[in-house]
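Student: Could you take me on a close look at a single part of this model, and then show me how the rest of the chain is built around it? I am new to this, so please go step by step.

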Amino acid sequence: MNSILFTFIVLLGFTSYYFGRKKAYTIQSTKKRLTALPQFYGYYLAIWCAIPAFIIFSLWAIFEPTIVKLLVLSDYSNQGYLDDELNLIYEKTKSLSRGQFTGEITPFIEASAEKYLSLRSIAQSSKAVIVLSIIIASVAYAYKRISSNSRTREPVEKFLNAVLFTASLAAILTTIGIVFSLIFQTIDFFKVIPLFDFVFGTHWYPAKAFVRDSSEALDPSMYSDTFGAVPIFAGTFFIAFIAMCVAIPIGLMSGIYLAEYASSKVRQYAKPLIEILAGIPTVVYGFFAALTVGPFLKELGTSMGLEVSAESALAAGGVMGIMIIPFISSLSDDVITSVPQSLRDGSYAMGATKSETIKRVIFPAALPGIVGSILLGVSRAIGETMIVVMASGLAANLTLNPLESTSTITAQIVVILIGDQAFGDPKTQAAFALGMSLFLVTLCLNIVALRVVKKYREKYE
Amino acid sequence: MKKNGVKMIKIKAKNVDVFYGKKQALYNIGLDIEENQVTALIGPSGCGKSTFLRCLNRMNDVIDICSVKGEILINDFNINDKSCDVVRLREKIGMVFQKPNPFPKTVYENISYGPTIHGMAQSKQEMDEIVETSLKKAALWEEIKDRLHEPGTGLSGGQQQRLCIARAISVRPEVILMDEPCSALDPIATAQIEELIDELKKEHTIIIVTHSMAQAARVSQNTGFFHLGHLIEHGSTDKIFKNPDNTKTQDYITGRFG
């Protein structure tokens with residue numbers, strides 16, 4: 001029923017567009033000058049057709065269930081039932097009306113099921129009638145306005161403005177919603193686990209908190225030495241550090257090569273090729289790290305008499321660095337290319353060589369942008385999940401030996417949330433606390449990076 | 001300037017052809033530039049005068065598709081020869097561009113840039129001296145001696161251009177090339193630069209590309225007129241402006257075309 005009505009509204013919208021435009025052409029044929037292009041008249045009419053109908057439609061969808069419930073339950077209102085009992089009765093009524101009720105059918109419930117069904121059908125048909133009459137009324141109103149050749153362009157533009165505003169509002173509200181859900185779960189987590197233990201504890205062993213019954217769940221003493229985040233923060237920054245050790249030099253040098261040395265033909269092919277690296281799914285990098293690089297490093301280490309874990313921070317960090325190369329290379333290439341040619345000319349005219357020009361003029365001028373690209377790379381390294389889950393191990397060792405396995409914030413969130421988990425359990429909430437800290441770190445990095453990039457832009461404009 | 005009664009020739013261009021890809025931009029240019037004189041190159045836009053100027057310090061090397069043929073002798077040495085060291089050449093031949101292009105560094109660093117890369121100063125003191133003399137020669141010292149460590153990009157347009165001139169003379173070049181140095185400046189700044197050019201010719205040979213006939217007449221001793229890639233006429237500024245041989249030159253300087 002709803003979908004039929006919906007389709008009908010859409011079809012009517014298209015029809016009104018057509019009629020609106022036609023009306024405009026008619027006005028035009030009488031040699032009167034239109035105040036807007038004919039299609040604006042069409043849009044105007046279509047908007048007037050669809051928007052009021054959709055507003056009624058959605059209001060109905062929001063309020064109908066509540067009103068029907070109130071009406072059905074009004075029969076029981078004076079009989080001293082509790083709210084929960086009333087809800088149960090209503091659920092029984094609904095399932096009976098759908099023919100799915102399996103329990104004992106009392107006459108009371110049967111009566112209310114009938115009432116429910118009749119209310120629903122009344123609601124449906126009155127909805128159709130109201131929506132259709134609203135459409136007719138608003139289209140008639142708008143059509144009349146069109147014939148008096150009044151303004152149509154401004155309302156249409158305003159409407160588009162509102163649509164775009166709503167879209168960006170939706171994006172912003174979603175972000176805020178996610179942040180708030182993180183905040184509340186994190187607060188719950190810290191009610192059980194002291195913040196101090198989380199930030200300064202050196203033992204991370206969430207599996208310890210897993211096999212417990214609910215009576216124990218709120219006893220803080222059971223969780224001491226379980227949620228100390230130091231090893232995984234250390235692991236995160238350590239792996240990110242290894243990654244940046246790979247990504248910064250290679251990315252920067254390839255960016256400089258592309259921007260300054262490569263002939264336009266080389267650049268034409270090399271740049272897309274490097275950017276293909278950015279298009280490889282991280283899970284592919286992950287098994288590259290876990291199945292190729294990790295074992296290779298282990299063999300290499302063994303042959304040199306070193307103890308190397310098959311899942312090492314070095315393998316994960318190195319592969320992650322390769323993943324980040326295209327970001328740094330491509331961004332720094334763009335930044336270097338946008339340094340004005342006049343600065344290069346000025347430097348060459350002084351007798352500077354290419355490398356002197358790059359080192360003394362172009363690099364300093366592009367530095368803020370390059371720093372920005374590096375910071376964006378770092379925040380990617382910290383947020384990267386798949387590679388570390390597959391290649392760096394899941395045990396949170398507190399170590400600075402790149403040949404041992406270690407774990408990161410993201411990998412631990414995966415570990416915690418894989419399989420069964422219960423809401424309200426500190427183990428699950430720990431994932432939110434980790435997510436929150438990750439969010440804060442990358443947020444700060446991104447803010448700094450964007451600031452730096454913006455500052456750079458102002459310089460030449 | 002005359003030595004033994006003969007005008008000294010600093011730069012001698014012979015049969016210079018320049019191509020951008022397949023398109024020829026200059027045809028068989030032959031031009032002598034006298035030492036310690038100001039030579040103005042005039043002509044309508046796209047006539048090749050800037051291209052010729054950029055040949056003199058091989059700035060056209062920077063452009064991939066550009067190729068230069070012919071001989072350009074500076075102090076009797078052909079700069080288009082393979083043995084020519086571009087770094088040394090550009091140390092000797094400074095250049096000032098159309099738009100002021102100070103580096104996004106401090107005033108001091110802008111001036112010390114050339115001396116640093118050519119290893120001209122052994123100590124901080126020597127560098128300070130170079131910076132001071134360069135700025136004084138560019139008639140900028142009094143205005144900005146207290147702002148040496150502020151960014152050069154923060155100066156006014158005219159000051160920036162004089163800073164670029166100071167930067168160019170910091171390595172004591174023998175020749176200074178100026179590519180429409182005043183086209184982005186107001187009349188007052190232009191007058192200052194012209195005065196400066198007159199001063200600089202005592203120590204440097206100056207070649208200036210300009211669109212302003214009046215400027216060419218004011219600052220130069222010799223003038224060359226380019227048209228569609230050909231050097232139509234060259235000679236003393238007096239002669240070119242008062243009694244040109246070629247009717248095209250006559251038409252251009254009287255404003256009938258171009």
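Tutor: Happy to! Let us begin with one residue, Pro187(B), which lies in helix α7 of chain B, a helix made of residues 187-200. Please keep in mind that this is a predicted model. Is Pro187(B) buried or exposed? To decide, we count the other C-beta atoms within 10 Å, and a residue is called exposed if there are 12 or fewer. Pro187(B) has 8 of them, so Pro187(B) is exposed. Now compare its place in the sequence with its place in space: Pro187(B) and Asp128(B) are separated by 59 residues along the chain, and their C-alpha atoms lie 32 Å apart.

With that residue in mind, step back to chain B as a whole. Chain B holds 10 helices and 12 strands. Its radius of gyration is 18 Å, close to the 18 Å that the globule rule gives for 258 residues, so chain B is as compact as a globular protein of that length. Along the principal axes, the C-alpha atoms of chain B fill a box of roughly 55 × 45 × 45 Å. Of the 258 residues in chain B, 45% are buried; Pro187(B), as we saw, is exposed. There is also a sequence side to this picture: among contacts in chain B with a separation of 6 or more, 68% are between residues 24 or more positions apart.

Next, let us look at some of the strands of chain B. Four of them, in the order β4-β3-β6-β7, form an open sheet with antiparallel pairing. At the edges stand β4 and β7 (77-78), each with a single partner strand, so one side of each is left without a neighbour in the sheet. You can follow the pairing from strand to strand. Strand β3 (residues 9-20) and strand β4 (residues 23-34) of chain B run antiparallel and are joined by 8 bridges. Two of the pairs to look for are Val16(B), whose bridge partner in β4(B) is Ile29(B), and Ile11(B), whose partner in β4(B) is Ile33(B). Between β3(B) and β4(B) the hairpin has 2 residues, and there Gly21(B) takes a positive phi near 65°. β3(B) is also joined by 8 bridges to strand β6 (residues 66-74) of chain B, again in an antiparallel arrangement. Here Lys12(B) stands opposite Leu73(B) in β6(B).

Finally, let us turn to the partner chain. Where chains A and B touch, the contact takes 16 residues from chain A and 20 residues from chain B. On the side of chain A, α12 (341-349) and α13 (354-383) each supply at least two residues, and α12(A) gives the largest share, 6 residues. This side of chain A divides into 7 nonpolar, 5 polar and 4 charged residues.

Helix α8 (residues 230-261) and helix α11 (residues 313-337) of chain A pack at an angle of about 35°, and their axes are 5 Å apart. The crossing of α8(A) with α11(A) is right-handed. In the contact of α8(A) with α11(A), the residues divide into 23 nonpolar, 9 polar and 2 charged.

Terms used: Residues are numbered from 1 along each chain as its sequence is written. Chains are lettered from A and ligands numbered from 1 in the order in which they are written. This is a predicted model: local features need pLDDT of at least 70, side-chain atom pairs count only at pLDDT 80 or more; totals for chains, interfaces and linings use all residues. Two residues are in contact if their C-beta atoms, placed from the backbone, lie within 7 Å. Helices (H or I, at least four residues) and strands (E, at least two) are DSSP runs, numbered from the N terminus. Ala, Val, Leu, Ile, Met, Phe, Trp, Tyr, Cys and Pro count as nonpolar, Asp, Glu, Lys and Arg as charged, and the others, Gly among them, as polar. The radius of gyration is taken over C-alpha atoms; the globule rule is 2.2 Å times the number of residues to the power 0.38. A residue is buried if 20 or more other C-beta atoms lie within 10 Å of its own, exposed if 12 or fewer, and partly exposed in between; C-beta atoms are placed from the backbone. Axes are lines fitted to C-alpha atoms, for helices over the stretch in contact, and angles run from 0 to 180 degrees between N-to-C directions. A crossing is left-handed if the near helix is turned anticlockwise from the far one by less than a right angle, and right-handed if clockwise. Two strands pair if DSSP finds at least two bridges between them.
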